[in-house]
Amino acid sequence: MFSVSVSVAALAAVLVALAALRLLQKQAGGRPSVQRLVRCAVIAAVYVVLCLVLAPFSYGAVQVRIAEALCLLPVFGAEYIVGVTLGCFLANLFGSTILDVVFGTLATLLACLVTYKLRDVRIKGLAIPASLPPVLFNAVIVGVEITLFFTDYRAMSAPVWLLCLGNGISVGVGELISCTVLGVALVKLIESNAALKRVFTEK
């Protein structure tokens, strides 16, 4: 049953990603690129599958969502903004709550947009600056979401801002592991391998 749901989620990610990217490219006045369509769809599907297969680690206040390493891929092209955001949307739709669908996806979209803007910035050859937007956006947005909607903050003696800070730090630590460690390593691996770089960047 679980494998069926994972397969359905992956298929849905592929179909939605293909439709969304084709629409975006047509609106931009350019011809749809088969390579970009495929990359967008595959990344969306991989994100969903990673979240569902590693579900105990992918959801909640204390999480290390391995799929978030893919948030670094916009350094290679704008199509990855669509692929990762759609993957996050579908992963939350299948595995979390409607609130996480809204706020978690918003955090990922904003993070990917800023990561794309920082795509050429490096520290000692590493895409560390590009890894920070997912950490910050998720820490703030998801941290507030968890506090306000999944915590009985009125019954607690601590002020709301302190609870938001605590949840934000918890989410942020997981994002640091996923993005600043695994994501930066993924980018470095792709950039240092000519064959991989061609697969991820070919127009």
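Reading along the sequence, the protein chain runs α-α-α-α-α-α-α-α, which gives eight helices and zero strands. Those are DSSP runs numbered from the N terminus, with helices being H or I of at least four residues and strands being E of at least two. Bear in mind that this is a predicted model, where local features need pLDDT of at least 70, side-chain atom pairs count only at pLDDT 80 or more, and totals for chains, interfaces and linings use all residues. Residues are numbered from 1 along each chain as its sequence is written, and side-chain values use heavy atoms, leaving out hydrogens and water.

Helix α5, residues 98-117, packs with helix α6, residues 128-150, at an angle of about 160°, and their axes are 8 Å apart. The axes are lines fitted to C-alpha atoms over the stretch in contact, and angles run from 0 to 180 degrees between N-to-C directions. So α5 and α6 are roughly antiparallel, a label for angles over 145 degrees.

Who makes the contact, meaning heavy atoms within 4.5 Å? On α5, the residues include L99, F103, L106 and L110, and on α6 they include P133, F137, I141 and F149. The residues of this contact divide into 15 nonpolar, three polar and two charged. Here Ala, Val, Leu, Ile, Met, Phe, Trp, Tyr, Cys and Pro count as nonpolar, Asp, Glu, Lys and Arg as charged, and the others, Gly among them, as polar.

Stepping back to the whole chain, 43% of its 203 residues count as buried, that is, under 20% relative accessible area with a 1.4 Å probe, protein chains only. Finally, among contacts between residues at least 6 apart in sequence, 69% join residues at least 24 apart. Thanks, everyone!

Key:
Parallel < 35°, antiparallel > 145°, perpendicular 65-115°, else oblique. Contact = heavy atoms within 4.5 Å. Buried < 20%, exposed > 50% of the residue type's maximum accessible area, 1.4 Å probe, protein only.
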